[in-house]
Amino acid sequence: MDKDISAKALPQHQILKADLFPDSESRLDSMEKKENPIDDLSILFRDLTSTKTKRESIAQLIEKLDVEKNVRYQRTPEDTYCNVYAYDFCHFSKVYLPTVWWTDESLEKIKQGQEVNAIFEKTVDRIYSSAIHDWFLEWGNHFGWERMFTVEEIQNKVNANGGVGIICAKRKIKGLSGHIVPVVPETDSHKAYRENETVLYPLQSQAGILNYNYFSEVRKDWWNDELYSSHVFYYHE
């Protein structure tokens, strides 16, 4: 992204979500239209009534999306879909994470005050996890994301408030896949991994080479793997 077209250069009201419309082909049982929001009324959004309903509805969402089994998130010989799952998780949690983002030309027009509509592969393109890492640093705070610096901090936040946590890592080699994973509230049966009462591996949910509805210890501190040049932790209420 052209660093001259930064969040700081744009008035707050001009920074727009790059959202496509739901599509009937975008479904849990389909590999099609992954760039569009899922069009399925049976998937309930996070209930923001109270901390309790937030946590409970996140658990229900994880069960419904069922990343381990649903076709939408299964790896192919060419690709994995951590970014698609993270987007769906955030979309139904009522927080903004891009699955497509404005082209540089579109951002320039927005900067000039022009109205730009999100049109796939014209004004917006897919954004993958390594680029989402950079998006968080440049744009995240404008969309309500708060940067965290320890897994203990982010796990405590999602537990206490029923919010949404994200770990996003950028690959060292440009063009190769990074990784993005939601951090989720602990439940009676699913816990973060702690030593001496300190969180070492938070409770997470992911699509990837392997898909997990919930995991913590099994992938250790994956974000510190030598494959990645950098990682960020973010939280959204």
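Begin by selecting Tyr-73, Leu-97, Trp-101, Trp-135, Phe-136, Trp-145 and Ile-180, which touch the most other members among the 47 residues of the largest nonpolar core. A nonpolar core is here a set of buried Ala, Val, Leu, Ile, Met, Phe, Trp, Tyr and Cys residues joined through side-chain atoms within 4.5 Å, and buried means under 20% relative accessible area, with exposed meaning over 50% and partly exposed lying in between (1.4 Å probe, protein chains only). At least two residues of this core come from each of α1, α2, β1 (100–102), α3 (104–111), α4, β4 and β10 (228–236), and α2 gives the most, with seven residues. These labels are DSSP runs numbered from the N terminus, where helices (H or I) have at least four residues and strands (E) at least two. In soluble globular proteins, nonpolar side chains tend to be buried together.

Before going on, keep in mind that this is a predicted model, in which local features need pLDDT of at least 70 and side-chain atom pairs count only at pLDDT 80 or more, while totals for chains, interfaces and linings use all residues. Residues are numbered from 1 along each chain as its sequence is written, and side-chain values use heavy atoms, with hydrogens and water left out.

**Select Phe-136.** If its neighbours within four places in sequence are left aside, Phe-136 is in contact (heavy atoms within 4.5 Å) with Leu-97, Asn-141, Trp-145, Ile-166, Cys-168, Ile-180, Val-232 and Tyr-234. A second core, separate and made of 18 residues, includes Ile-167, Ala-169, Trp-222 and Tyr-228.

**Select helix α2, residues 82–92.** Ten of the eleven residues of α2 are buried, which leaves the helix mostly covered. The buried ones are Cys-82, Asn-83, Val-84, Tyr-85, Ala-86, Tyr-87, Asp-88, Phe-89, Cys-90 and Phe-92. After α2 comes Lys-94, which has a positive phi, near 65°.

**Select the cysteines.** The structure holds zero disulfides, a disulfide being a pair of cysteine sulfur atoms within 2.5 Å. For Cys-82, which is in no disulfide, the nearest cysteine sulfur is that of Cys-168, 7.7 Å away, and Cys-82 counts as buried because its relative accessible area is 4%. Cys-90 is likewise in no disulfide, and the nearest cysteine sulfur, again that of Cys-168, is 11 Å away; at a relative accessible area of 0%, Cys-90 is buried.

**Select the aromatic rings.** Rings of Phe, Tyr and Trp (its six-membered ring) pair if their centres lie within 6.5 Å, and planes under 30 degrees apart count as stacked, over 60 as edge-to-face and the rest as tilted. By this rule there are 17 aromatic pairs. The pair of Trp-101 and Trp-135 is edge-to-face, because the ring centres are 5.8 Å apart and the planes stand at 80°. This pair links distant parts of the chain, since Trp-101 lies in strand β1 and Trp-135 in helix α4, 34 residues apart. Both Trp-101 and Trp-135 are buried. Compare them with Tyr-193 and Tyr-201, whose rings are stacked, 5.3 Å centre to centre with 15° between the planes. Tyr-193 is partly exposed at 22% relative accessibility, whereas Tyr-201 counts as buried at 13%. To see one aromatic cluster, select Tyr-96, Trp-101, Trp-135, Phe-136, Trp-139, Phe-143, Trp-145 and Tyr-234 together.

**Select Lys-34 and Tyr-81.** The charged end of Lys-34 sits over the ring of Tyr-81, at 4.0 Å from the ring centre; such a placement requires NZ of Lys or CZ of Arg within 6 Å of the ring centre and within 35 degrees of the ring normal.

**Select strands β8 and β9.** β8 and β9 (residues 212–215) run antiparallel and are joined by two bridges, where strands pair if DSSP finds at least two bridges between them. Gln-206 has Tyr-212 as its bridge partner in β9, and a hairpin of five residues joins β8 to β9.

**Finish in two loops.** In the loop between α3 and β2 (124–126), select Glu-121, a residue other than glycine with a positive phi near 65°; Glu-121 is exposed, with a relative accessible area of 56%. Then move to the loop between β9 and β10, which holds Lys-220. Lys-220 is not a glycine either, yet has a positive phi of about 50°, and at 39% relative accessibility Lys-220 counts as partly exposed.
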